[in-house]
Amino acid sequence: MQIIDHNLQPTEEWRPGVLTRMRVSAVTEAATLCIFEQWVAPGSGTRTHTHPVEEVLTVLEGQAELWLDDERETVSTGQSVIVPAGSWHGFRNTGSATLHMQAILAAPTFEASFEGQPEVTRHWATAKA
């Protein structure tokens, strides 16, 4: 049995105002899941992007505007959105406090294509990463 102590896992700033902690991925020897959390400053978020796999976004604390293809909704504490594979989506913190999000991807690595960016972004691909 493998026990992962999330308190010992590092955080990294993915974008200005967005701090990320990878919880489970290929780095922790997961075979089919990538789970991470983010702390997002007011007004910050992510650009529109897509993943080749399904994703579940959960607001653990705070409020976000989330877009999925042509839809936009406000999502708050205790709510999740299922993002189908290949859907263009993103979010931003619309509240006055830090937004705490959890993301679960149906793959052991984070892989995303961002709007207007020709190369694919990958994180946590191997145990040597």
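A salt bridge is a side-chain nitrogen of Lys or Arg within 4 Å of a carboxyl oxygen of Asp or Glu. This is a predicted model, in which local features need pLDDT of at least 70 and side-chain atom pairs count only at pLDDT 80 or more, while totals for chains, interfaces and linings use all residues. Residues are numbered from 1 along each chain as its sequence is written, and side-chain values use heavy atoms, without hydrogens and water.

Four salt bridges are present. In one of them, Arg23 pairs with Glu37, with 2.8 Å between the closest N and O atoms. Arg23 lies in strand β2 and Glu37 in strand β3 (residues 34-40), so the pair ties together parts 14 residues apart in sequence. Strands here are DSSP runs (E, at least two residues), numbered from the N terminus. Arg23, at 22%, is partly exposed, a class between buried and exposed, the latter being over 50%.

Glu65 takes part in two further pairs: with Arg72, at 3.3 Å between the closest N and O atoms, and with Arg92, at 3.1 Å. The second pair links strand β9 (residues 89-93), which holds Arg92, to strand β6 (residues 63-68), which holds Glu65, 27 residues apart. Glu65 is buried at 17%, Arg72 is exposed at 52%, and Arg92 is partly exposed at 35%.

Strands β2 and β3 also belong to an open sheet of six strands, ordered β1-β2-β3-β10-β5-β8 with antiparallel pairing; two strands pair if DSSP finds at least two bridges between them. β1 (12-15) and β8 (80-83) are at the edges with a single partner strand each, so one side of each has no neighbour in the sheet.

How values were computed. Helix = DSSP H or I, 4+ residues; strand = E, 2+ residues; numbered from the N terminus. Buried < 20%, exposed > 50% of the residue type's maximum accessible area, 1.4 Å probe, protein only.
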